[in-house]
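Dear colleague,

I am handing over the structure below, and after it you will find an account of what turned up when I went through it. Please read the notes with the structure open beside them.

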Amino acid sequence: MQHPSEGRADGTATVLQPGFLASLFRELGADEDEPPAPVFVPAPAAPPSEPAVAAAPAPAAVPAPAVVPEPGSVPEPDGVADPVAAHGRAAALTHHRTLAVQADHERLADLLRRAAQPVSAMDFESQLRSYRPKPYPDAAPDAEPEPAWADFAPPEPVDSDPDQPRSRRLLDSGYQRELAQARLRHQRALREWRTRQADLADSGAVAARQAHEEAEQARARAVQEYNDSLEECRRAYRQAEPAAVESLLERALAAAEGSTRDLPAPCHAVFRALTRTAVLDLDLPPLDTVPALSGYRLTEDGTVEPVHRPDADVRADYLRLAARLALRALQAADAVDTDDVLAGVVLNGWLRLPGRPPRCLLSVDADRDALARTRLVPDSGHLGDDGVYADAEHDESLLRLRALAAVITPDPYADEAVVPWGTADAAVPALGELSPGEFALLVRAVLTAGGLEGWSVRLRGPAGLVATAEGQPGSRLPGRWVVWASRGPAPVTAEEIATLSEAVREEGADRGLRMTCGQFTDEAVDLTTEERHQRIHLVDGQGIRELALTHLALPLTS
């Protein structure tokens, strides 16, 4: 007898509720547009106690009925949860992107702080090495000396009879027995000592100690050779040999860069022995080092859009970072020159972009006196009281850099470059390639060698200088002089000669000297032949080169 199927009494299968199937399909990710799969209900197995009966044919597949909402329920429209989820994802994305921008700002603040840290002087004294011997870890191999006979020999017999000879005392039987026993003990100690030494030699301890001693001797020799070579470099540095000066400057600049190794800013040095000036080429960091965004925000329509910082703030932050890197390089060059070899330093900050020629964004021309009176280490604080970056016009590092006669581009993000005061292309510069500081030092050195002393600089700038000087009576340049020297190639006009004549009369000077790297116009030369301008002397570019070669042995190129 076959029992009916579970469910109903007539044996038909019980159909599950439509709501359950629909929810199950949604959880399994099935497409709601596709028809549900047919439900197969297998026939129940026959009980084992009854005889086997032919199985009835399986019922046909019954498709699930359409989903019918229950009475009183309101159907949920499609896509209600999608806008809420999209808004949540957009809000999370906005938050994470803002955190990334904040991390960039924190990194910039840390770079500004580290770039303002003072550098340690890398002079010759600080580079000297000292040798301290390292003891061998185990001193047992040679700590035990060879047994000596003096430690075993018995004392000689007491001299009881002064008339008795010494040989007679030594032949005493008691003394001879003690002497024989002492010799046996000494021989036994020698054998044991030699056995221990042989065991140590077999174990490699002696060879290890010998290797340690040889290594210590090599280390001491290396330290001595390094100090000797350093002393030789110091001698060459004091003689202003370019290779020695450039080597020391490169070491100092590389050591200064160590505080910001995650921001490469290499600096190359070239020493001009003719003017005793170091030309430093500093590679500035990329423009994207400074974050251009302040964060992200979520708009009303659910899109994520960036919040840009004002262009003035971005420019100010980059110029502040470049200024601190430049001050750090100047401090390193000034601190290492303990022997006063450098007369001045020219620093150029270059921005190098792939596929484009390098652009000079800042240039500094400072003599040694300017470096000595300027505090090259700015304040480590770079934030204002309100927590924002300070204005570039009031930034301490930029103010100190401008105090060193620096020219700085107003906008590093535009194609606005500056003309460098001096370039490191050639160690022997031409007259027109001299920086304003080099040119001023050259004019003063040439005229001092000619007999002018008591210099008083009235005006000095990129175009040249105006100064007064005194010549001793009987010298080649006697009396009081007004010197006007210009470094530009433009020809000197007659109006400038008349201006110099007026300055000579106002200063109560005896003569005036007009020097230029270029030429004089014919009208200017003719004007000096007149009576009221006869006290004006002219020196053109060729004359300056001849004076430099005659008095200073400086072979300036044309």
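Alanine 240 sits in the loop that runs between helix H7 (205–238) and helix H8 (242–256), and although alanine 240 is not a glycine, its phi is positive, at about 60°. Please bear in mind here, and throughout, that this is a predicted model. The relative accessibility of alanine 240 is 18%, and because buried means under 20%, this residue counts as buried.

On the charged pairs, the count comes to 25 salt bridges, and I describe some of them here. The side chains of aspartate 339 and arginine 234 meet in a salt bridge, at 4.0 Å from N to O. Because aspartate 339 lies in the loop between helix H9 (311–336) and strand S5 (344–351), while arginine 234 lies in helix H7, this pair ties together parts that are 105 residues apart in sequence. Aspartate 339 is partly exposed at 25% relative accessibility, whereas arginine 234, with a relative accessible area of 13%, is buried.

Another salt bridge joins glutamate 438 to arginine 272, where the closest N and O atoms are 2.7 Å apart. This pair links distant parts of the chain, with glutamate 438 in helix H12 (residues 436–450) and arginine 272 in strand S1 (residues 267–272), 166 residues apart. Both glutamate 438 and arginine 272 are buried.

Aspartate 411 and arginine 315 also meet through their side chains in a salt bridge, at 4.0 Å from N to O. Here again distant parts of the chain are linked, as aspartate 411 is in the loop between S7 and H12 and arginine 315 is in helix H9, 96 residues apart. Aspartate 411 is buried, with a relative accessible area of 16%, while arginine 315 counts as partly exposed at 26% relative accessibility. Beyond these pairs, Asp110, Arg113, Arg114 and Asp262 are linked in a network of salt bridges.

Turning to the surface, which residues gather in a patch of negative charge? They are Glu495, Asp522, Glu523 and Asp526, and helix H14 (residues 522–527) contributes the largest share of the patch, three residues. Glutamate 495 lies in helix H13 (residues 494–507), and because exposed means over 50% relative accessible area, glutamate 495 with its 56% falls in that class.

As for the cysteines, the structure holds zero disulfides. Cysteine 360 counts as buried at 3% relative accessibility, and cysteine 517 counts as buried at 15%.

Finally, there is glycine 174, whose place is in helix H6 (residues 173–203) and whose relative accessible area of 21% makes it partly exposed. Glycine 174 and proline 157 are 17 residues apart in sequence, and their C-alpha atoms are 9.0 Å apart in space.

With kind regards

Key. Residues numbered from 1 in each chain as written. Predicted model: local features only at pLDDT ≥ 70, side-chain atom pairs only at ≥ 80, totals over all residues. Heavy atoms only, no water. Patch = residues over 30% accessible without salt bridge, like charges linked within 9 Å, V, L, I, M, F, W, Y side chains within 5 Å. Areas by Shrake-Rupley, 256 points an atom, 1.4 Å probe, with all protein chains shown as cover. Lys, Arg positive; Asp, Glu negative; His and termini not counted. Charge placed at Lys NZ, Arg CZ, Asp CG, Glu CD. Helix = DSSP H or I, 4+ residues; strand = E, 2+ residues; numbered from the N terminus. Buried < 20%, exposed > 50% of the residue type's maximum accessible area, 1.4 Å probe, protein only. Disulfide = S-S within 2.5 Å.
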